[in-house]
Amino acid sequence: MSLPEATIQNGTPGRAAAPLMEMQGIKQHYPVHRHLPIGPQKVVKALDGVDLDVRPGETMGVIGESGCGKSTLARVMSGLEKPTEGRVLFRGQDINELKGAEKREMRRNIQLIFQDPFSSLNPRMTVEELVGEPFAIHSEIEPRAGRRNKIRELLELVGLNPDHADRYPHNFSGGQQQRIGIARGIALNPKMLICDEPVSALDVSVRAQIVNLLDTLQKELGLSYLFIAHDLQIVRHISDRVATMYLGKVVELGRYDEVYDRTGHPYTQALLSAAPELRKNDGADRERIVLQGDPPSPIDPPSGCRFHTRCPLAQAMCVDQEPEPVEISGTHAARCHFADTVSAQ
Amino acid sequence: MRTQQTQQPDPAGDHPLLRVRDLDVEFDTSKGIATAVSGMNFTVQRGEALGILGESGSGKSVTARAVMGILDMPPAKVPRGEILLEGEDLLTISAKRHRELVGSRVSMVFQDALTALNPVHPVGRQIGELYRVHRGYSRKDAKAAAIDMMDRVRIPAAASRVNDYPHQFSGGMRQRIVIAMALALDPVLLIADEPTTALDVTVQAQILELLKEQQVERNMGLILITHDISVVKEVTDQVAVMYAGRIVEHGATDEVLNHPGHPYTQGLRASVAGEELKGQRLPAIPGTPPDLLRLPDGCSFANRCPFVTDECLEQVPPLESVGAGRQSACFHTEEVLDHVTA
């Protein structure tokens, strides 16, 4: 790779560090199936202009309702899908323009963890085969001779008994299956792990174990995470920064405490207030805002601010003018005409 | 039918709305008998909301299905126990009487609204069917009643959407339709099995609000089954915490969740990622729940419990009273209670 790792590591940690990954103006539009080839072609605007960056060693949490584009974001960021428009940069290079060895290297460095651990594991492969599969493609990372030991090491690292390496996925509980998925994800020493709802399918008592595991691995291996979840408390716990998405756009982005405590967008406010636990922890100062209705269709999003149809603060200008991100602090911005008023509440 | 069960429901009698007594449910599997529920005891009064809290495999849904009589038997069987609805044992009454009671006096809301609805019939017809079958309404009256019900669960423009099919509604609206069906025949007891698990947080808040409001308005009994502590806190008065087929703790929701007397409840409560834990490891419960095919001789939570002693490995701790209206199934409840306040 032409971009030396040293520049990134020498950069001042925190705000000034060069991003590991960057998404610039990402749009992802899917055509809607037509029964007859007449009339205008409709498109689902799953992502409609997303700018987001993830810095080395950082966890970027993403929250939002289903259908807001969270999972599409994960697929585009991991290179599984090419965006309709915009660039996805890994260490400054567009991942969709890389070729040959550079592309292999990028693929090795960006890994995904899925929501449903069972359906993401081949039921006919043993744990050893599953965790060893990445090395079959990237044999340069671990030559055949040392592979067995490496697999045992990985299993131990994710808290599984290495003696169970010859068992099949169905012999394990949901939490253990997710550990297998994580072992596969970190096998090739990636830099970036994209976690798409990694704990949503797990039981409450097991969730905390997996969150702790991800935390430990991040510290030991220096990983960056994109962490998508609908459990708002877990996102607060694990994230350095949080992005709120609504109908294919990032509507708020900031440090976790800024987004949770000095919320600048009425949608984030409503989302946070809908979680009973968050409301009670904060005492009486967080009022419950029950949003009416459902999110509008991403085929034909509302004009102006996309949230105006459900927003308790909506004014006439919200219907015609799409708000640009309003800076609330150096690290915190929200796409709302009234971000300053909202965050001051 | 046993003679003592032939008594008719007596409105003047002081039967609780629902009393489940010593209920066991087992499943015959190719690998042996799995004990899904054992020694379950609880009551629900009119106007009371009981939460059943537990993770997958704890027996919470099986309990609900046993009450509704919709367990597949076999493989399931109920070797022991009584399910008394206003004094009538649902397990021993005739099939005819069962049909009269279940669906109208007791009804259920399922987790996945899309699979609970028939995709090839308009929602109005599905709601109206209840009135036609149970109350003998005409088509026209049934449709009017369906529209009325849809209005009451606040589906916008109900009259114009009554002929729409389930796929034309969003997840939250579908769940409202399922709730409308459950409430159509004015049940005295509503069982909601993970009613909001498939929904987004914003929609979850709407549905919980609707359930709570309907329960209070109709003075119904409500059993809310969930794995989510915050949902239980929001809606219920009483909570029963289940682990590996048994109730391990039971009592008033606020007390149980704020001052747990069972190490499992305590673990669940502690592993919620509160604000004060930012940057620290979450206090996770180690290990995984036991295999229902091979339950240990002693307490099923023993292998994950920080308070475990030899006694716990030898015998199952009974569910005993630990103060006003509270029960806990642990030999070390006192210690656990002290631990929380400390």
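Two residues are in contact if their C-beta atoms, placed from the backbone, lie within 7 Å. The model described here is predicted: local features need pLDDT of at least 70, side-chain atom pairs count only at pLDDT 80 or more, and totals for chains, interfaces and linings use all residues. Residues are numbered from 1 along each chain as its sequence is written, and chains are lettered from A and ligands numbered from 1 in the order in which they are written.

Within chain B, helix α4 (residues 123-135) packs against helix α5 (residues 139-152) at an angle of about 115°, their axes 8 Å apart. Helices (H or I, at least four residues) and strands (E, at least two) are DSSP runs, numbered from the N terminus. Axes are lines fitted to C-alpha atoms, for helices over the stretch in contact, and angles run from 0 to 180 degrees between N-to-C directions. From α4(B), G124(B), I127(B), G128(B), Y131(B) and R132(B) meet A142(B), K143(B), A145(B), A146(B), I147(B) and M149(B) of α5(B).

Chain B also holds an open sheet of eight strands, ordered β6-β7-β8-β3-β9-β10-β12-β11, with mixed pairing. β6 (106-109) and β11 (320-321) of chain B are the edge strands, each with a single partner strand, so one side of each has no neighbour in the sheet. Two strands pair if DSSP finds at least two bridges between them. β11(B) pairs with β12 (residues 327-328) of chain B in the antiparallel sense over two bridges; S321(B) has Q327(B) in β12(B) as its bridge partner.

Between the chains, the contact takes 29 residues from chain A and 30 residues from chain B. On the side of chain A that touches chain B, α7(A) gives the most, with eight residues.
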